[in-house]
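Please open the model in your viewer and keep the selection tool at hand. The tour below goes from one selection to the next and says what is found at each stop.

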Amino acid sequence: EIPWRAQKDRRAMIKGIDHIGIAVKSIDEAKAFWVDTLGLKYLRTENVPGQKVRVAVLAAGEATVELLEPTAADSPVQKFLDKRGEGLHHVTFATDKLAGHLQALKVANIGLIDEEPRLGAGGALIAFIHPKSAHGVLIEMCEHHD
C-alpha cells in the first residue's frame with residue numbers, strides 16, 4: 001500500500017488535461033470534421049520525427065486536440081490504426097518536474113513506456129504510462145518549457 005503522503009504527492013503532479021490525441025489516417029480529411037463541423041480552431045501542423053508522426057494541433061478551450069497522422073509504416077500511430085482503426089489514442093496531462101514524477105511512478109510499480117522524458121510536439125518533454133497500468137488508457141504526461 002502506498003503511504004498517504006506519497007498518494008498526496010502523486011495527485012499534485014497533475015496540473016490538468018493538456019491535450020487529447022486522436023489517431024487519424026489523414027489530417028486533411030479529419031480536419032474537415034474537427035474544424036469545419038465542430039468549430040475547433042486550427043493552430044498549427046508539425047512533424048515529430050522522433051514519434052514518426054505528423055500532428056495538427058486544434059484549440060479546444062484550455063486544452064487542445066492533436067490529430068496524429070503516421071509518417072512511417074513502423075510508427076506507433078500506424079500500428080494503432082492497423083489494430084484499432086481511427087479514434088482516441090491517448091490522454092495527456094500537464095505536469096511540472098516530469099523526470100521526478102516518472103521516478104515516483106516507477107517506485108509505485110506503475111508500468112512506464114518511457115522511464116525518462118523525451119522530446120514531443122511543440123518542444124514539450126513527454127513520457128507515456130503503459131495502458132496496462134491505467135485501465136486500458138494510454139496516458140501521456142508532458143512538461144512545457146515556455
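**First stop: the nonpolar core**

Select Met13, Val91, Leu98, Leu102, Leu105, Leu112, Ala127, Ile129, Ala134, Ile139 and Met141, the 11 residues of the largest nonpolar core, a core being a set of buried Ala, Val, Leu, Ile, Met, Phe, Trp, Tyr and Cys residues joined through side-chain atoms within 4.5 Å. Buried here means under 20% relative accessible area, exposed means over 50%, and partly exposed lies in between, with a 1.4 Å probe and protein chains only. Two or more residues of this core come from each of α4 (98-107), β7 (125-129) and β8 (139-143), where helices (H or I, at least four residues) and strands (E, at least two) are DSSP runs numbered from the N terminus. The largest share, 3 residues, is given by α4. Apart from this core lies another, of 10 residues, including Val48, Val53, Val55 and Val77.

This is a predicted model, in which local features need pLDDT of at least 70 and side-chain atom pairs count only at pLDDT 80 or more, while totals for chains, interfaces and linings use all residues. Residues are numbered from 1 along each chain as its sequence is written, and side-chain values use heavy atoms, with hydrogens and water left out.

**Second stop: the helix α3**

Now select α3 (76-84) and colour Val77, Phe80 and Leu81, which are its buried residues. Seen down the axis of α3, these buried residues fall within an arc of 100 degrees, so they line one face of the helix; the arc is that of the directions from the helix axis to the C-beta atoms. They pack against β1, β3, β4 and β5, with contact meaning heavy atoms within 4.5 Å. Turn to the other side of α3, and Lys79, Asp82 and Lys83 are exposed there.

Move to Ser26, in the loop between β1 and α2 (27-37). Is Ser26 buried or exposed? At 17% relative accessibility, Ser26 counts as buried. Leaving aside neighbours within four places in sequence, Ser26 is in contact with Glu69 and Glu86.

**Last stop: Ile129**

Finally, return to Ile129, a member of the largest nonpolar core, and show the residues around it. Not counting residues up to four places away in sequence, Ile129 touches Leu105, Ile110, Gly111, Leu112, Ile113, Val137, Leu138, Ile139 and Met141.
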